[in-house]
Amino acid sequence: MDINLIQEKIENDLAGVVSLRALEEVRVKYLGRKGLVAELTGTIATLPVEQRGAFGKEVNALKNKLLNFVEEKENLLKTKDNVLKQNNLDIGMPGIAQKPGSLHPITQVINEICTIFNRMGFSVLQGPEVETEYNNFTGLNIPLEHPSRDAFDTFYLKKYSKLLLRSHTSPVQVRAMKAHKPPLAIIVPGRVYRPDAVDASHLFMFHQIEGFLVDTNIKFSDLKGTLGLFAKNVFGQDTKMRFRPHFFPFTEPSAEIDISCIICKGRGCSVCGRKGWLEILGAGMIHPNVFKHVGYDPKKYTGFAFGMGIERIAMLKYGINDIRLFFENDLRFLKQF
Amino acid sequence: MKVTYSWLKDFINLKIPPAELAEKLTMAGLEVVSLAELRGDFIFEIEITSNRPDWLSVLGIAREVSAICGKKLKNPNPKELKLKTKELLPVTLSVMDKKDCPFYSGRVICDLRVGPSPEWLKKRLEFLGCRSVNNIVDITNYVLFELGQPLHAFDLDKLGGRQICVRRAKLNEKIVTIDGQQRLLDPEILVIADKDKPVAIAGLMGGEGTEVTPSTRNILLESAVFNPILIRRGRRKLGLQSESGYRFERGVSLSAALGASLSAAELILNLASGKTCGYKSLGAHKITNYLINLDPAYVNRTLGTSISIIKIKQILSNLGLETKVKAKNILSVKVPDFRKDLKLPIDLVEEVARIYGYEKISRTIPAVRPGEKMFDTRDPACGIKNTLCGLGLHEVITYSLVDRSLIDKSMIKTDAGMVEILNPLSREQEVLRPKLFPSLIRCLAYNLDQQQEYVNIFEIANVFSNKGNSVQEEPVLAIALSGVNSFLVKQGLVKDDISLLHLKGILEFLFNKLRINGFDFVRQDGNKINIILGQKEAGFMLDLNQQTLSSFDIKNRQVVAAEVNLKQLCGCINLEKKFLSIPKYPAITRDISFIIKQDVSVKELLMAIEEKAAPLLRSAKIADYYQGKQIPAGFKGLTVSCVYRLDERTLTEEEVTPMHEAVCSSLRERFGIKLR
């Protein structure tokens, strides 16, 4: 076998190679485990002893040459390939990725608020939407047939005289306090229902978050501090807050809480009705009668509770002007959050 | 409640500018919702909370202003009228049940002249939004606004038998009220009746037959206390809103009832002449006060303040609560009968805080002790939402209350019947939904209608059903898909049409992520697949049929939906993780490509492979699936990728080849596959 002839043939083969893949085929053909070089090396032993040395050298030289050829060709192809690829890629084309889904804005606001209170040490608890009249009213010191119930117009169920759709998340206070002993630090997000005529700011179903803290020495000033932290975290560090006396049957003293208008920063605009303040929360110290109903000693324990409407907060945060948008679930709306 | 600046001045020497007063009232709990200037006066519109009926009067608000500004109230109590005792009251009064009407008084004024009111009176009423009628009616309204006690004047000569009887209405009794409407009554409603018929609906509105007219000469002036619950029930039943009912429902005080009668009589004598011809009352006469002991330390402990005992005493006294310091620095507070909201020491704490100023109370951060257990009941649901969102689905929130027709058109059978709402405002609120997915289909249809091409949505919410004597409420997850491109990278398994496999893919991903052991999808009938979790049925997948789709007005679209019981799902979650060592020795992969009858289940096929090759096989997966020209009708083409590996050493070809061949031949025997 003429080594030179072989070398020529190989050089021809290599010249025709235009891709890395084809190069690999050629490499295997000549340099592979069962390739030509291996075959030639195998024949050395069959030669007469005096020819072995010279032939062995020749085969070795061929092998080294081939390795060099392949390496050179490989480098050349790699560079060429890169240049080609780089020239053809238009980086202005859209990237390739999974299209994203979205969490409902109400869920996002609930998550944000729960996270803030989680960090302060509050646990999250949910309760049923079908409630007893007792948990929704009586247990919360709201007498039946009293004007204080007018604020809580309620859906009742047919066939079940004592069951209703909860009109606020406060019944979970009663449930939690009956199930656990103090100290308690709990936050309750959830759906609530009121038979309100539907318009841009009223719906018959909406979401609330209720929070309460019960321990041996909880003060009204703690309520102010806690909600102050909350407001700054949700609405920004420069948010101002004011507490106005109000009435809720289940808290005493009670307060309504305004934040400085996030649109006009308190100067007065159409969103805050030129007042510079936005009402966002109801709160107060848990009424001793509520403690009595759940079997806590009001002499030993004090606590505060607060509640807020999620839709209202989401509307303020995101600048949404119609509450109905939340439940229309138009994808063009949902995808914005 | 509206009040004018000038009227307040009748009771208090006001120096404070109206705008500043409005701000102070708001910060004391009387939220001024508007302040308007009108013809040299100022009108405050105040939102009164339901616990403070005493604020539904100019006097009540003046009392508050006095406490806020620290100024004395001018004595508001009218003097007792001197009656000519000889004259007898020419009427008989009776109250059937004292519980319905704890106090009733009638004052007779004779020989009066009904006519227009003087300008000052008209103006005061007009500023408060009350129309002037005649001097007598105007005076009763004037006193209502000033003292918060509703009064009523009857034309004495039109009272049959000159009798007044406070009683429940008889069934189907009727009355025409002064607004000209005929109203049907029943025994739940309290009325004022004469000898034979109702002449007024107690506390709500007078009757047309006995109203004061220009020809009226003699009147009976009623001032009473009615049971608030009865007034409330009557008001709701008859849909009758009135200034008078509003106050009775919240509760009036005996002291106001007594004072108002005198005050009105005095005005009538002045403005309509006439003379008083007697006064008679039934029921409670003694005004009772209530004593509360208040420890100033309790006030400061509750509020986190250090307000002095002197300051506390001063605040309470300015509110009209007579306060004395008893032994050991305890305050004894006398609560007047117009403050029925004050029952416990905590109620006085609020009074102190209100007037002291909530703004002056500092802000402290409590040391939160989370209790024995820290929990977040949203946990699994939150994770599921995030996972689905990551898969390209959009979360929606739909109403839990739905119309019956939505359930009907989704072809859901509810054996126990649906949970119905007693008082829906519209048909959209008829029932609590027994299933979640119909709401999603509706939402999907809405979005398709808005020219959205791909609608892939989910919701986690509660569904409701009757169970025994109660309502069962359980959280479920529902998914509805119409369109794939937005969330699934093309896998070559299924072309553009949405199919149950896309839905299955999402659920499998979710179940694997939650490390649920043992889930399965079992065909129940044509287009329904049951989802099995831990050997129990936990939900279903649906390929919506044409009939359902057209009932939702969905055209030329395929829609698939799933619903999974979240409670069951959460019960199967197993998030314990355990490390398995990474394989040290290489695996050998062998593919089998073959055609097989269409009706053979891939699941069975894979199970057969696993069974046969168990000791060496690590996984067997469908690598390709095809149907088309090359494949005869009734068959499908499959490529199964089998991975063989041992943990303790490298497998050799000699070991794998016979095993793989055994697999192929067993498939040939059991399923009649034809290798390609």
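## Nonpolar cores

In this predicted model, the largest nonpolar core holds 237 residues. Leu440(B), Ala478(B), Ile479(B), Ala480(B) and Ala561(B) have the most contacts inside this core. The element that gives the most to the core is helix 8 of chain B, residues 254-271, with 10 residues. In soluble globular proteins, nonpolar side chains tend to be buried together.

Beyond its neighbours within four places in sequence, Ala478(B) is in contact with Leu436(B), Phe437(B), Leu440(B), Phe458(B), Glu459(B), Ala561(B), Ala562(B) and Glu563(B). There is also a second, separate core of 16 residues, and among them are Ile595(B), Ala613(B), Ala620(B) and Val663(B).

## Two helices of chain B

The axes of helix 18 (residues 602-612) and helix 19 (residues 653-671) of chain B come within 10 Å and cross at roughly 140°. Angles over 145 degrees count as roughly antiparallel, and helix 18 and helix 19 of chain B are therefore oblique to each other. The crossing of these two helices is right-handed.

On the helix 18 side, the contact is made by Leu605(B), Ala608(B), Ile609(B) and Lys612(B). Helix 19 brings Ala662(B), Val663(B), Ser666(B), Leu667(B), Arg670(B) and Phe671(B). By type, the residues of this contact are 7 nonpolar, 1 polar and 2 charged.

## Contact between the chains

Chain B puts 73 residues into its contact with chain A, and chain A puts in 68 residues. On the chain B side, the largest share comes from helix 11 (residues 345-356), with 6 residues. The chain B side divides into 34 nonpolar, 23 polar and 16 charged residues.

Terms used. Residues are numbered from 1 along each chain as its sequence is written. Chains are lettered from A and ligands numbered from 1 in the order in which they are written. This is a predicted model: local features need pLDDT of at least 70, side-chain atom pairs count only at pLDDT 80 or more; totals for chains, interfaces and linings use all residues. A nonpolar core is a set of buried Ala, Val, Leu, Ile, Met, Phe, Trp, Tyr and Cys residues joined through C-beta atoms within 7 Å. A residue is buried if 20 or more other C-beta atoms lie within 10 Å of its own, exposed if 12 or fewer, and partly exposed in between; C-beta atoms are placed from the backbone. Helices (H or I, at least four residues) and strands (E, at least two) are DSSP runs, numbered from the N terminus. Two residues are in contact if their C-beta atoms, placed from the backbone, lie within 7 Å. Axes are lines fitted to C-alpha atoms, for helices over the stretch in contact, and angles run from 0 to 180 degrees between N-to-C directions. Angles under 35 degrees count as roughly parallel, over 145 as roughly antiparallel, 65 to 115 as roughly perpendicular and the rest as oblique. A crossing is left-handed if the near helix is turned anticlockwise from the far one by less than a right angle, and right-handed if clockwise. Ala, Val, Leu, Ile, Met, Phe, Trp, Tyr, Cys and Pro count as nonpolar, Asp, Glu, Lys and Arg as charged, and the others, Gly among them, as polar.
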